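Reader: I would like to learn how to read this structure, step by step. Could you walk me through it?

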Amino acid sequence: RILVIGSLNTDLITRTSRVPAAGETLISKSFDTGSGGKGANQAVACARLSTQKCDGPQNVCVYMVGAVGDDTFGHELAEGLQNNYIDVTGVTAKESEKTGVAVIIVNEQTGQNRILMSPNANFSLKPEDFTTLSDFGKDFTPTRLPCLIVLQLEIPLDTTLQILKVASKHGIDVLLNPAPAQVLPKEAYAAVNHLIVNESEAAIITNTADKNPDWSKWGEHFDRIVALGVRNVVITLGAEGVIYLETREKKLWRFDAEKVNVVDTTAAGDTFVGAYAVAVTTVVKGGGDFAAAVRWANTAAAKTVERSGAQGAIPWLDEVPAYWEE
Ligand code: ADP
């Protein structure tokens, strides 16, 4: 049972041939809404990658905790998660809040995004909402713990730190994807078992002066990563694949990205996180072969890249070769 605590957003995506100037009104090329938020995307990835598409809801093993507004967007987001067989009893629809929204302007000429994010209800999650294990969901007790808690940084930082405290107290494994990146207090990492970052996030959390270092030259940066004190660290390198560091043994694995027809890289990172979470909580758990989990996540994330969209592009279990067969 995987518990994802984090953000849910509605994406408002508009495409244009150029970005309007100040005071100008421009007709857009197209407009779409989509379901997003790193928390929700990662929950969908966990659910789909532990479920055959045809299995149906009897197999629920992913729980989402978060907040939306008591509005159309919020209800649609919760319903969307349910359609992916996710338990949403921990998703609160708050009357006094609006659902989180990301306004995304895509320049059709260059493919570049400009994103304005309004966290809204996501920022209403307070540390005092997570004082005991029962606050994580009625299904969780000291004798029925989640196997893994998956966290990102799209809810308030002090809330995330409080969740880490409670998780640590009960000895629950935590996977942290510190995105959007910010420097965390040193003690926060003590409660984290798995850290997954992309290259720019790795630079920020390790205070690397060079904001765009070449992480594939791992030797130069190894010490800074080890100093964080997290045992399993994964740095995703986009089209360059991924590296995995086992920091206690000081071992490193590097896997190339799958060669695929790249359509849209949105949600590739979130798929990677979800796939890794599923792998470490199932087959890998006893044996601790985390490199196998990384390899499988690399394969799953590549599937997402082949399709456009965010949550819709995330593959189901039957679309990714089983990692024990690789
Ligand atoms: P984020 O989306 O969080 O910035 P990355 O861009 O590093 O994360 O991508 C995450 C993972 O998705 C990569 O480690 C890789 O497994 C997969 N991926 C991303 N881009 C590609 C690509 N062009 N081809 C194949 N796999 C990719």
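Predicted model: local features only at pLDDT ≥ 70, side-chain atom pairs only at ≥ 80, totals over all residues.

Reader: Which atom of G241 lies 3.0 Å from an oxygen atom of the ligand?

Author: It is a backbone N or O atom of G241. A polar contact here is a pair of N or O atoms within 3.5 Å; within protein, one must be able to donate a hydrogen and the other to accept it, and residues adjacent in sequence count only if both atoms are side-chain atoms. Residues are numbered from 1 along each chain as its sequence is written, and side-chain values use heavy atoms, with hydrogens and water left out.

Reader: How many residues surround the ligand?

Author: There are 17 in the shell, where a residue counts as near if one of its heavy atoms lies within 4 Å. The closest are N198, T236, G238, G241 and N298. By class, the shell has 10 nonpolar, six polar and one charged; Ala, Val, Leu, Ile, Met, Phe, Trp, Tyr, Cys and Pro count as nonpolar, Asp, Glu, Lys and Arg as charged, and the others, Gly among them, as polar.

Reader: Which helix gives the most to the shell?

Author: That is α8, with four residues. Helices (H or I, at least four residues) and strands (E, at least two) are DSSP runs, numbered from the N terminus.

Reader: How are two packed helices described?

Author: One gives the angle between their axes and the distance between the axes. Here α6 (residues 268–281) and α8 (residues 290–305) pack at about 145°, with axes 8 Å apart. Axes are lines fitted to C-alpha atoms, for helices over the stretch in contact, and angles run from 0 to 180 degrees between N-to-C directions. Their contact has 15 nonpolar, three polar and no charged residues.

Reader: What backbone features are worth checking?

Author: Most residues other than glycine have a negative phi, and most peptide bonds are trans. In this model, Y85 has a positive phi near 65° and sits in the loop between α2 (72–83) and β5 (86–94). A267 also has a positive phi, near 75°, in the loop between β13 (251–255) and α6. A cis peptide bond joins A179 and P180, with omega about -5°.
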